[in-house]
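Please read it with the structure open beside you.

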Amino acid sequence: MDIHRIIVCTLCRDLVTGIRSGEGLCTDLRARLAAHYEPAVAKGFAVEGVACMAGCSRPLTVGFQAPGKAAYLFGSIDAQADAGDLVRFAKLYASLADGWCNSGQRPAGLAGKTLARIPARIPGCPTTGRP
Ligand code: FES
């Protein structure tokens, strides 16, 4: 019952080393979710690699998405240093009914790395979403 997706770019290259670390981060995130969280949380996530999320100037990019929840795109992610904070964010994200949170609620290590926070729907007119 994967309802949450963590999407990792597998094409991003580190700006200094040129190394692609997305596949490794996928493996690490799956292991961390399985090891550190109760099955109900860990089983609620699918970790998937994707070729490019148009955040190429801020590698490595990682997205979070779930039905009915705000979506996030993070950039300038260090596959080693930020993996723990991504998993902590995953737990927070799973706990939020609409997925919406402010920068102060997100793990400190992700500060300045949120490229986008897209609401699931805009309150207002159910057809247009406009107030
Ligand atoms: S190559 Fe990773 S976002 Fe484009």
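1. Helix 3 (residues 83-95) lies across strand 1, strand 2, strand 3 and strand 4, and runs at about 15° to strand 3. Helices (H or I, at least four residues) and strands (E, at least two) are DSSP runs, numbered from the N terminus. Axes are lines fitted to C-alpha atoms, for helices over the stretch in contact, with angles from 0 to 180 degrees between N-to-C directions. Contact means heavy atoms within 4.5 Å.

2. Please keep the origin of these values in mind: this is a predicted model, in which local features need pLDDT of at least 70 and side-chain atom pairs count only at pLDDT 80 or more, while totals for chains, interfaces and linings use all residues. Residues are numbered from 1 along each chain as its sequence is written, and side-chain values use heavy atoms, with hydrogens and water left out.

3. The sheet is open and has five strands in the order 2-1-3-4-5, with mixed pairing, where two strands pair if DSSP finds at least two bridges between them. Strand 2 (45-50) and strand 5 (114-118) stand at the edges with a single partner strand each, so one side of each is left without a neighbour in the sheet. On average, neighbouring strands of this sheet are turned by 15° against each other, direction ignored.

4. Which strands does helix 1 touch? Helix 1 (residues 22-36) packs on the sheet and touches strand 1 (4-9), strand 2 and strand 3, and its direction makes about 175° with that of strand 2.

5. Within the sheet, strand 1 and strand 3 pair in the antiparallel sense over four bridges, and the partner of Arg 5 in strand 3 is Gln 65. Strand 3 (residues 62-65) and strand 4 (residues 71-74) also run antiparallel, joined by three bridges; Gly 63 has Leu 73 as its bridge partner in strand 4, and Val 62 stands opposite Phe 74. The hairpin of strand 3 and strand 4 has five residues between the strands, and there Gly 68 takes a positive phi near 75°.

6. In helix 1, Gly 22, Leu 25, Cys 26, Leu 29 and Leu 33 are buried, whereas Glu 23, Thr 27, Ala 34 and Ala 35, on the other side, are exposed. Buried means under 20% relative accessible area, exposed over 50%, and partly exposed in between (1.4 Å probe, protein chains only).

7. A search of the whole structure finds eight aromatic pairs. Rings of Phe, Tyr and Trp (its six-membered ring) pair if their centres lie within 6.5 Å, and planes under 30 degrees apart count as stacked, over 60 as edge-to-face and the rest as tilted. Tyr 72 and Phe 74 are stacked, at 6.0 Å centre to centre with 5° between the planes, while Phe 74 and Phe 89 are edge-to-face, at 5.1 Å and 80°. Phe 74 lies in strand 4 and Phe 89 in helix 3, so this pair ties together parts that are 15 residues apart in sequence. Both Phe 74 and Phe 89 are buried.

8. Is Leu 110, buried or exposed? Leu 110, in the loop between helix 3 and strand 5, is buried, with a relative accessible area of 1%. Leaving aside residues up to four places away in sequence, Leu 110 touches Phe 74, Ile 77, Asp 85, Leu 86 and Phe 89.
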